[in-house]
Structures are given as structure tokens and as C-alpha cells.
Amino acid sequence: MTVADPALPRHDWTLKEVNALFDLPFTELVFRAAAVHRRWFDPSEVQMSRLLSIKTGGCPEDCGYCSQSQHFKSGVEATKLMELEAVLTQAREAKAGGAQRFCMGAAWRDLKDRDVPRVAAMIEGVKAMGLETCVTLGMLDLAKAKALKAAGLDFYNHNLDTGPDYYDKVVTTRTYQDRLDTLEAVREADISICCGGIVGMGETRADRAGLLHQLATLPAHPESLPINDLMPTIGTPLGQSAAVDGLEFVRTIAVARLVCPKAVVRLAAGREHMSREQQALCFMAGVNSIFIGAKLLTTANPDAETDAGLLADLGMRPMGVKAEAALADA
């Protein structure tokens, strides 16, 4: 009898199997995830990403976690789409600060035809700097996806947010299928997919398993898989949400690594309220990317000095930096 290699990607995961992973003893789960991680990545490397809000607030969607929705009084004011040079200035600063990837987000329900040329110019300009490019602009059809691909876009982010059974408790203005349709258009345009979700929205472990089961059974796994720990914002429906236990969050990271073994798993929003020890466990469990910079769209993020100290203490280095150079800088 041939035993399947647990590090090889598969797309036939059952929901029962994903739930069983969550139920493993914590140390066994993290051990398995760490072993799979090492098959595909250097565990001492971490990709440094920067996220910029190129159009903030005024979004017509009612995502219960989002401070940018026009439905809620969160104190975030709507702005117009940033000018090209302002975005490129931010990208240059990000690269100078150590970022290898630059992500641009706009608070839109979907990308309009009139905005495609301006966003395409941003992508072209950032790409020319040698940075990996990613945008998140809401729903997308195939024609617009192809236009972004022609501009040189590497990744399109469109999160599923949570499992399908809990989704309507969080969002009512677009369906789960709407999100899956956007992912299909992005894939058909030959753009890599960045897709994950958020924990801490009142969902159960079964809902988190449902999210990861959805990702693991897509026709192709997301190349990028961000996991966000909710940063509750006063004025939003989820502004009083209780935090998810730190070990439960690490379990989510570990299961994500196991079911999508070749994905770059990104520790996204929420690091500001995580301990150094929790972040270290996330790296052990399979995280190999973090977002740097003082802000992620509208939420706080650890400063550069704090991140540099953490990575130095863990013996980790940015992707593409030789170990000798990292030690010399420490």
C-alpha cells in the first residue's frame, strides 16, 4: 500500500479531514505543518510586504468587519483614488524599507472601466521598480482581469473572509458565489491568486475549517494565503468582537499550511495585538510573509524597529537576503 506524501498538494480534502486537523494535539499539528513548510520553503526566510490604501472609505458593501463601509460610522472618511506619483512615492519608500512586495487596495465594490487605466499605470510603475505587485479592488470580470494582467499584475487579492456557512453573518451585499466568480476570472486571466480570510469575527472552529476547506478544494490553490486576526473597529457591527485565543489562531495557520502546502501563508492584520511568542509560533506553523509599515489600509501595524528586532531574535531574514548579510545587520 502506497502512503500519500503529506507535503504534496491535493484538491480532494473533505471537510471532515480539515476538521480533524484542527482537532489534533497542538504540538502534533504544528510539527506536521512545520515539516510540510520545510519541503517547499526556507523556514528562515520571510517575504516582506507593504499594503497601501489607494482609495479609502465610502465602500457600498456592508462587510461587518470593515471600517471603510459607508454603512457604518467608524470615523473613516472617504477619499478619491490617489494620484499616480503619490502611489509610486509610497512604493519607493516601501522598497527602501525592505519590502519585496507592494499591495494596493481600493474600497470599491468592483473595478469600474473608468478606473482601469489609472490602476494599470500604478501597477506598471510599481512593477518597474522590481517589486512584486498585488491589488485588491473588489469584484472583477474577465475583461478587467486581462487588462490588469497586461499591465504586469502578479497577484489579485480577493478574500473569501470566512466559511460559507457563516458568510451571511458578516456580509449581505455580495454572495459567496460572487467571490468565487471573481477568483475564477482572475485565474482565467493567468494572474496568481491571493485569497484567505479573517478570524475573530464570532465564527466557530468549524467555520474556520469551512474557509480552509473552500481554499483547499479550489481548482488550483491560492499562491498567496493571508490570514487576518480581526482588529475590531468601533462603529462596525463586529467592533465589539472577542479576540480568538492565540493558540487557536496558530492552529488556523498550521491547518492552512497543511491543506495548501505550496502557498505563501501571510500573517496579515492583527499582529499589532499579538505577542512576540504568538508570532514566533505562527512562523513555526508555516507563515512565511508579513506586512510591514505603520498601517494596513486603516489599521495599525508594528513599526519597523519592532519587526526587525523580532526577526533578528528568531534568526529569520527577508527573502532574497543572504544569511551572512542578515547576521551582519543584526
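This briefing describes selected helices, residues and a pocket of the structure shown above. The model is a predicted one, and every value given for it is computed from the atoms of that prediction. Helix α7 is mostly covered, with nine of its twelve residues buried, and the structure holds zero disulfides.

**Helix α7**

**Cysteines**

- With zero disulfides in the structure, Cys-134 is in no such bond, and the nearest cysteine sulfur, which belongs to Cys-103, is 4.4 Å away.
- Cys-134 counts as buried because its relative accessibility is 2%, which is under the 20% limit used for that word.
- For Cys-282, the closest cysteine sulfur is that of Cys-260, and because the two sulfurs are 17 Å apart they are too far from each other for a bond.
- Cys-282 is buried as well, with a relative accessible area of 0%.

- Asp-161 lies in a loop, the one between strand β4 (155-157) and helix α6.
- Although it lies in that loop, Asp-161 is buried, since its relative accessible area is 2%.
- The side chain of Asp-161 is joined to the side chain of Arg-179 by a polar contact of 3.2 Å.

- Arg-266 has its place in strand β8, which is made up of residues 264-267.
- Arg-266 counts as buried because its relative accessibility is 1%.
- A polar contact of 2.6 Å joins the side chain of Arg-266 to that of Ser-224.
- Not counting residues up to four places away in sequence, Arg-266 touches Gln-47, Ser-49, Arg-101, Glu-132, Ser-224, Leu-225, Pro-226, Ile-227, Ser-289 and Phe-291.

**Arg-38 in helix α2**

- Arg-38 has its place in helix α2, and with a relative accessible area of 48% this residue is partly exposed.
- Although Arg-38 and Ala-7 are 31 residues apart along the chain, their C-alpha atoms are separated by 9.2 Å.

**The second largest pocket**

- The second largest pocket has a volume of about 320 Å³.
- A total of 16 residues line this pocket, and those that lie nearest its centre are Asp-5, Pro-6, Trp-13, Arg-32 and Leu-258.
- Helices α1 and α2 (26-40) each supply at least two residues of the lining of this pocket, and the largest share, five residues, comes from α2.

Key
Residues numbered from 1 in each chain as written. Predicted model: local features only at pLDDT ≥ 70, side-chain atom pairs only at ≥ 80, totals over all residues. Heavy atoms only, no water. Buried < 20%, exposed > 50% of the residue type's maximum accessible area, 1.4 Å probe, protein only. Helix = DSSP H or I, 4+ residues; strand = E, 2+ residues; numbered from the N terminus. Disulfide = S-S within 2.5 Å. Polar contact = N/O pair within 3.5 Å; in protein donor to acceptor, adjacent residues only side chain to side chain. 1 Å grid on protein atoms, 1.4 Å probe; cavity = no way out; pocket = protein on both sides within 12 Å on 5 of 7 lines; lining within 4 Å. Points joined across faces, edges and corners; volume = space filled by probe spheres on them. Contact = heavy atoms within 4.5 Å.
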